[in-house]
Amino acid sequence: MPIAHGFSMRCFLALDLADSVRTTLADLQREIKLLGLSANYPSPDQLHVTLSFFGELSANEVRQKADALASFSSASFPAVVQGLGCFPSAERIRVIWAGFAQGHADIERLPPRGRRACRQR
């Protein structure tokens with residue numbers, strides 16, 4: 001599909017979640033909504049771990065990043081989700097995030113590898 005001239009998109013490199021983690025987080029998200037907390041609540045299929053934020057990219061830059069990342073892969077690893085936080089602040093919550101009790105070191109090693117894959121093209 002052709003992309004219109006002047007096109008730009010907010011892009012990021014993300015780690016997909018196991019279905020069991022996605023389900024648990026979606027259940028937690030529903031509970032938080034019931035408390036009346038005003039925040040962005042993405043659909044469960046959009047829940048992910050952001051590894052690197054690229055910002056606004058042109059159509060050509062999106063293609064270059066996608067091509068560079070096509071060969072990027074990592075072995076799976078165990079991770080345990082634990083803890084919640086928010087940003088930009090507790091007074092003005094836009095995003096609620098979940099932290100990791102296990103797997104954090106594996107996740108921390110992923111972004112530099114992804115950024116290197118993007119720079120190789």
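**Pockets and core of a predicted model**

From the N terminus on, the protein's elements follow the order β-α-β-α-β-β-α. This is a predicted model, in which local features need pLDDT of at least 70 and side-chain atom pairs count only at pLDDT 80 or more, while totals for chains, interfaces and linings use all residues. Residues are numbered from 1 along each chain as its sequence is written, and side-chain values use heavy atoms, with hydrogens and water left out.

User: How do you know that there are three helices and four strands in the protein?

Analyst: Helices (H or I, at least four residues) and strands (E, at least two) are DSSP runs, numbered from the N terminus, and the protein has three helices and four strands.

User: What makes the space of about 1,100 Å³ a pocket?

Analyst: On a 1 Å grid over the protein atoms alone, a pocket is an open set of points, where a 1.4 Å probe fits, with protein on both sides within 12 Å along at least five of seven lines. Grid points are joined across faces, edges and corners, and the volume is the space filled by probe spheres set on the points; for the largest pocket that comes to about 1,100 Å³.

User: Which residues are closest to the centre of the largest pocket, and how do you know that they line it?

Analyst: Lining residues have an atom within 4 Å of a point. Of the 31 residues that line the largest pocket, His48, Thr50, Val95, Ile96 and Trp97 are the closest to its centre. The largest share of the lining, six residues, belongs to β4.

User: Why are residues in the lining of the second largest pocket called nonpolar, polar or charged?

Analyst: The names follow from residue type, because Ala, Val, Leu, Ile, Met, Phe, Trp, Tyr, Cys and Pro count as nonpolar, Asp, Glu, Lys and Arg as charged, and the others, Gly among them, as polar. The lining includes Leu15, Asp16 and Ser76, and by class it has 10 nonpolar residues, one polar and one charged. In the largest pocket, the lining has 22 nonpolar, six polar and three charged residues.

User: What makes the set that includes Leu13, Val49 and Ile107 a nonpolar core?

Analyst: A nonpolar core is a set of buried (under 20% relative accessible area, 1.4 Å probe, protein chains only) Ala, Val, Leu, Ile, Met, Phe, Trp, Tyr and Cys residues joined through side-chain atoms within 4.5 Å. The largest one has 10 residues, among them Leu13, Val49 and Ile107, and α3 gives the most to this core, with three residues.

Note on methods
Buried means under 20% relative accessible area, exposed over 50%, partly exposed in between (1.4 Å probe, protein chains only).
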